[in-house]
Amino acid sequence: METLPIVALPANDAALQKLLANHGLVLTPAETRRVADLLGRDPTLVELHIFNTMWSEHCSYKSSRAILKKFLPTSGPRVVLGPVEDAGVVRVATHAGKSWCVVVGHESHNHPSQVVPYEGAATGVGGILRDIYCMGADVFGVLDSLRFGDPEGPNGPRVREIARGVVDGISGYANPVGVPNLGGETLFASAFDDNCLVNVVALGLVEESRVVRSRVPAAAADEDYVLLLFGKPTDDSGFGGAAFASVDLDEEDVDANRGAVQAPDPFLKRVLAVALREVLDHLDRAGVAFGLKDLGAGGIACVTSELAHAGGFGAEVDLDAVPVSLPDLPAEVIACAETQERFCLALPRSAVDPVLEIFNERFELPRVSEGARAAVIGRVLKAPRFVLRHQGRPVCDAEVAAVTEGIRHDRERRPRPAPRFGPPAGPKRLELDAGAAVQRLLGSIGGASRRPIYRHYDTEVQGHAVIRPGEADAAVVTPVPGAPFGVAVACDGDPWIGLLDPWAAGASAVEEAVRNVAAVGGRALCITDCLNYGSPEVAEVMQDFHEGVRGIADACRALGVIDDDRAIDGTPLPVVSGNVSFYNQSATGGAVAPSPVVACVGWIPDHSRALTLDLKEPGSLLVLVGERRAELGGSALARLYPDLEAGPPRPVDLERSAQEIRATIDAIERGLVLAAHDIAAGGIAQAAAEMLFAGRHARPKLGLRLDLDAMADSPDVDPAGRLFGETPGFLLEVSAAGLEPLLAAYRRYGLWVRQVGAVRASGALSATWHGRDLLRLDAAELARRWENGLAGVLA
């Protein structure tokens, strides 16, 4: 047996901790001794770095996996692949004899974006695009869910710098690659001063018969298979990135933090995507069985071990065969660096030459980016071993399962003290100037238009867009040319609810995302989640996480999948992809608000019926679905007026939501609705104003008159609750002739529904209460406030 260059582990834990720190490792002494037990000897330095990465929270989900498996539904009749590989796959529709699937992935790049905003955000987009490409799909869109600190607070200059860098990074990557931005959401709060959140969703299209698996195929048992790396040459960027994302962020350690962030190359990615499509077409035509996976966290060590283990094999990698851009890179860096723009194919040795020719000669990778190319770097082993060689000798030799299966931690959980709420009533609410409050809300950082953000992004490239950012609650695209169906997608989350009720944060994120898709006429197919929390070593954080996941699961089961007859068939809404991001807190101890973010993917059988939110014509009527309530806890109004008697947060009623969603899809498909908007942050005031502003340039003279008395049956609900309460619901524009059929349609579902306003040609937003004018605001002036509220943040 060949001699391994082992590192002798000190018997004393303090000495071991010092050794680990000297090598930049975040393994604990106990975990390190567990590595030695698995290996049956002391590890090599390369092995320590591999386990440091593979056992990080980012890769192993060691604190979260058991909770996720306990609660989340992941299967369903349309699920082709759940959360077992790089992205989920769901069946959408059949067209021209082919079954078409959407591939969807959801990732975070939080720590890197806080440290190096442009590069962190750009490589976050790059990573999630690779997840989609390696499933055999063509990417047709991305969305981003962003959380930044308070740009008007004491850390305002740094917050604004990060926000600008992140937005530029997202556009600076997706735009050159040629992928449209389909939407997202951006929130600002002081809880994110020390840790921004950058969550990215990507979607792709693939024929069901051509879904690619991230594993060595079974054919490798009878044929010689090799591992072929292609893309950017390996450098030292991103070395330790997975571990960096799995510890508290210390911004004082500038050099180490920056070194853990990868360097993006969107132009190379564009060429790789086109070349990869040609390679996949070639392999399919030739009938070659292959596996494909992208390189992200853990680099070469991760991708080769996971490809092998998923197929039931082992792997041997020659690190000297890896194309590198820097001389004398240590073995552990070549093995674990997270250099961007790389993929790995497992394919028969007999099929290698044509693939190398496509990458290196036809697409001239070495000329596109210095040092880029495709190269064979290893082989598949029949035995389940994982072996790395460097300079002619082994530097890693382990059971492949020991490397990939990770470890589990059963963390302590402890609930936080329950918040105490006063009644949702009091003199300050009665004294509230409703008109001034509406103006303040719409001109605030929280309530202003997000156009200053999404105008940076290309939303038209590829030509699939039916509904674009800002035009509705969800984006709608037609990724299959000539097909009648559309794909609707939206993402959402509410950190302020997370601070008050962690279960409600998870449940309401699902509820809101599904409502957004329903508001354009879309039927939810699946969701993905990105779960952003503080340190799992804090018992209260683990309880928040547990409850957030439970809330997501409860909502998935209550809302369910809607079948072709618009009835819920008892199948839970499946979670097909996702990500857990722990340690979103600074070294000083400040953690982000519990922030589960959910993306919903739906489909529209006839995309021509997809609905926007802009008001269409004077004389039409405004209908409210969902009675208003008095609770304002956690609301946008309560944040603007901290002394207001807000009361508790609005309750979550999933059964009612399920019925409202079903009825709204039904009404839109029957052509009863002219415009639709989900009610969320800012309540009816925000929703009504956005419906008025969305079509302002096409119809500048439209106005809207609201009747607050009609918004609730209970006299205990004051004007503040009626106008600014965030109880979920829908605002619908309907023609006068269509009012009674619409009301009857909702009542068949047993729902509360009322006419609460009318569209006027007055150019004003007005509201009455007890027969008297409560407010009257010039719509054009109000729109200017709304459009300019964020301008200073990104200027």
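**Exercise 1. Aromatic pairs**

Find how many aromatic pairs the structure holds, and classify the pair of Phe51 and Trp55.

Solution. The structure holds 7 aromatic pairs; rings of Phe, Tyr and Trp (its six-membered ring) pair if their centres lie within 6.5 Å, with planes under 30 degrees apart counted as stacked, over 60 as edge-to-face and the rest as tilted. Phe51 and Trp55 have 5.1 Å from centre to centre and 75° between the planes, an edge-to-face pair. Both Phe51 and Trp55 are buried (under 20% relative accessible area; exposed is over 50%, partly exposed in between, with a 1.4 Å probe and protein chains only).

The model is predicted: local features need pLDDT of at least 70, side-chain atom pairs count only at pLDDT 80 or more, and totals for chains, interfaces and linings use all residues. Residues are numbered from 1 along each chain as its sequence is written, and side-chain values use heavy atoms, with hydrogens and water left out.

**Exercise 2. Charges over rings**

State which rings Arg440 and Arg639 lie over.

Solution. A charge sits over a ring if NZ of Lys or CZ of Arg is within 6 Å of the ring centre and within 35 degrees of the ring normal. Arg440 lies over the face of Tyr641, 4.7 Å from the ring centre. Arg639 has its charged end over the ring of Trp496, at 3.5 Å from the centre.

**Exercise 3. Phe386**

Decide whether Phe386 is buried or exposed, and list some residues that it touches.

Solution. Phe386 belongs to strand 12 (residues 385-390). With a relative accessible area of 0%, Phe386 is buried. Leaving aside residues up to four places away in sequence, Phe386 touches several residues, including Ile50, Ala301, Cys396 and Val403; contact means heavy atoms within 4.5 Å. The C-alpha atoms of Phe386 and Gly721 are separated by 62 Å, and these residues are 335 residues apart along the chain.

Methods. Helices (H or I, at least four residues) and strands (E, at least two) are DSSP runs, numbered from the N terminus.
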